[in-house]
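Colleague: I would like to learn how to read a protein model feature by feature. Could you walk me through this one?

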Amino acid sequence: MTKTLTCINCPLGCTLEVTTDQAGTIVSVSGNQCIRGVAYATMELTNPTRVLTTTVRIEGADIAMVPIKTAAAVPKGLVMAIAASLKDTVLRAPVARGMVVTHDACGTGVDVVVTRTVPAKAPAGENPPDDGMRHSGLVPRSTTKR
């Protein structure tokens, strides 16, 4: 039996052809332009994993949602269960990048962490703290001719 996969281990996105025998054992992998393609095909057919990225609500901040992710790849079959377990999560600002939202998500041994530092909302009439994310610090190029 042959299965076609798109490798996601590097930017090339190789189309892999994976041939298995009757028992499901991988016989050959072709189409990979680097060695990582074989490892990806093997993992994808035997124990597929994914990193879950999503958002949860945050209160007391200038934004309504904060991005989070699993700290490592989790079994693909548990991604939806982990997402469902986070559905009603509401964080309170301030939060720091790397802060653990959930330990051992759905028994995987993998934590869910915040991926963006979000300061608390400044009280009315005060300037918000400079979190380094309000602007890029880049100066726009002049549009006038020299």
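Modeller: Gladly; we will go from the overall fold to a few single residues. This is a predicted model, where local features need pLDDT of at least 70 and side-chain atom pairs count only at pLDDT 80 or more, while totals for chains, interfaces and linings use all residues. Residues are numbered from 1 along each chain as its sequence is written, and side-chain values use heavy atoms, with hydrogens and water left out.

Colleague: Which secondary structure elements does the chain have?

Modeller: Helices (H or I, at least four residues) and strands (E, at least two) are DSSP runs, numbered from the N terminus. Here there are two helices and 10 strands, in the order β-β-β-α-β-β-β-β-α-β-β-β along the sequence.

Colleague: How do I read strand pairing, and which way do S5 and S6 run?

Modeller: Two strands pair if DSSP finds at least two bridges between them. S5 and S6 are antiparallel, with five bridges, and Thr55 stands opposite Pro67 in S6. These two strands form a hairpin with five residues between them, and Gly60 in the turn has a positive phi of about 75°. S5 also runs parallel to strand S8 (residues 90-92), joined by three bridges; there, Ile58 has Leu91 as its bridge partner.

Colleague: What does the largest nonpolar core consist of?

Modeller: A nonpolar core is a set of buried Ala, Val, Leu, Ile, Met, Phe, Trp, Tyr and Cys residues joined through side-chain atoms within 4.5 Å. Buried means under 20% relative accessible area, exposed over 50%, and partly exposed in between (1.4 Å probe, protein chains only). The largest core has 19 residues, and Ile58, Val66, Leu86 and Leu91 have the most contacts inside it. The elements giving two or more residues to this core are S5 (53-59), S6 (65-70), H2 (79-86) and S10 (112-114). H2 supplies the largest share, three residues. A second, separate core of seven residues includes Leu5, Cys7, Val18 and Tyr40.

Colleague: What does Leu91 touch beyond its sequence neighbours?

Modeller: Contact means heavy atoms within 4.5 Å. Leaving aside neighbours within four places in sequence, the contacts of Leu91 include Val56, Ile58, Val66, Met99 and Val114.

Colleague: Which residues of helix H1 are buried?

Modeller: In H1 (residues 36-46), they are Gly37, Tyr40, Ala41 and Glu44. They lie on the same side of H1 because they cover an arc of only 100° around the axis, where the arc is that of the directions from the helix axis to the C-beta atoms. Their cover includes strands S1 (2-6), S2 (15-20), S3 (26-30) and S4 (49-50).
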